Structure formats: structure tokens, C-alpha cells
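Here's a quick tour of what's packed inside this protein model. Have a look at the structure first, then read on.

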Amino acid sequence: MATADCLQITREVGFDRLLTADEPYTTSYPLPFQADSVKTARDVTRSTLADWGLTELSDDAALVVSELVTNAVRYAMYAGHRRGIELLLMRVSPHVLLAVADPSDEMPTRKEPDFVSENGRGLYIVETYSQRWGWDPLDSGGKAVWALFHAGP
């Protein structure tokens, strides 16, 4: 399945539905607005990929999910806490889609990395380690920021 086809499926179904669906090869996990959610998201990502027999993606996916959850915790806290953060992993062979939904309507913007600064490199890292990344607005408000990984044949 081509990358565009995988993304089209998620848009046709809708991230709102995927976040609450109990589908095979889909894992959804709620996360609170706190710093240790980053570790929890990494652990859930590694465990899910291991269950799917895709441990070769674990390091890159764990790094990307760390950046996405860090951004969600940092920026979505100011969105009035309409709801928490939600981690979604979905296997659509030969891809894995990793998404983090948060209540902020603010569009993520990739900045040129300043390698001296403590922050500002998150989406650069996401772009570097994933096949493609982007974001989609949620019908319920907020957005899902996603990264797509190629998982082999």
C-alpha cells in the first residue's frame, strides 16, 4: 500500500473514530498532561511494536513519540484542558502510523533547528526519523499530529 493510500484511509475513517475504536492492529492509550507521559508513551510504543513483531522500528518510533508527546504536554496545557492527550498506533501494512492527539487547535510548525538551544528541534527530529509527518484537525476540537513509518514488505 502506498503512503498516500495509508493516509487517505486515516482521513476517510477520521482520527476521532480511530482514537476510540477497538480495531485489530490499533492501539489507543490516554495520557495525562504530565512529564512522565513521555516515558509511558515510549513504553506503550515499544510494547505495541514488539507485539506486532516490528521491534526494528522501536528506537526511531520511541524517539518520535517522545517528541510528539513532549510537544503535546508543553503546548496543549494552555488549551483549557478540554481533554487529555491520546496516543494512537495503527498498523496498515506496510506502514505504522503513530499519532498524538491533543486539545490544542494550534498548528504545529517546524522551525529551523538551533542545535545550541534546549528546544525547537522536535519536529525536525520527527521529520528526520519518520517517512512522513503531518497533522489533522479533530472534529471534536484539537488536532492529531502523526508520523508514518515504513515497516517493510
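In which helix is Val38 found? Val38 sits in helix H3; helices (H or I, at least four residues) and strands (E, at least two) are DSSP runs, numbered from the N terminus. Keep in mind that this is a predicted model, where local features need pLDDT of at least 70, side-chain atom pairs count only at pLDDT 80 or more, and totals for chains, interfaces and linings use all residues. Residues are numbered from 1 along each chain as its sequence is written, and side-chain values use heavy atoms, with hydrogens and water left out.

**Val38**
- Val38 is buried, at 12% relative accessible area (buried means under 20%, with a 1.4 Å probe and protein chains only).
- Setting aside neighbours within four places in sequence, Val38 is in contact (heavy atoms within 4.5 Å) with Ser66, Val69 and Thr70.

**Helix H5**
- Gly122, Leu123, Ile125 and Val126 are buried in H5.
- These residues are on the same side of H5 because they cover an arc of only 155° around the axis, taken from the directions from the helix axis to the C-beta atoms.

Key: Buried < 20%, exposed > 50% of the residue type's maximum accessible area, 1.4 Å probe, protein only.
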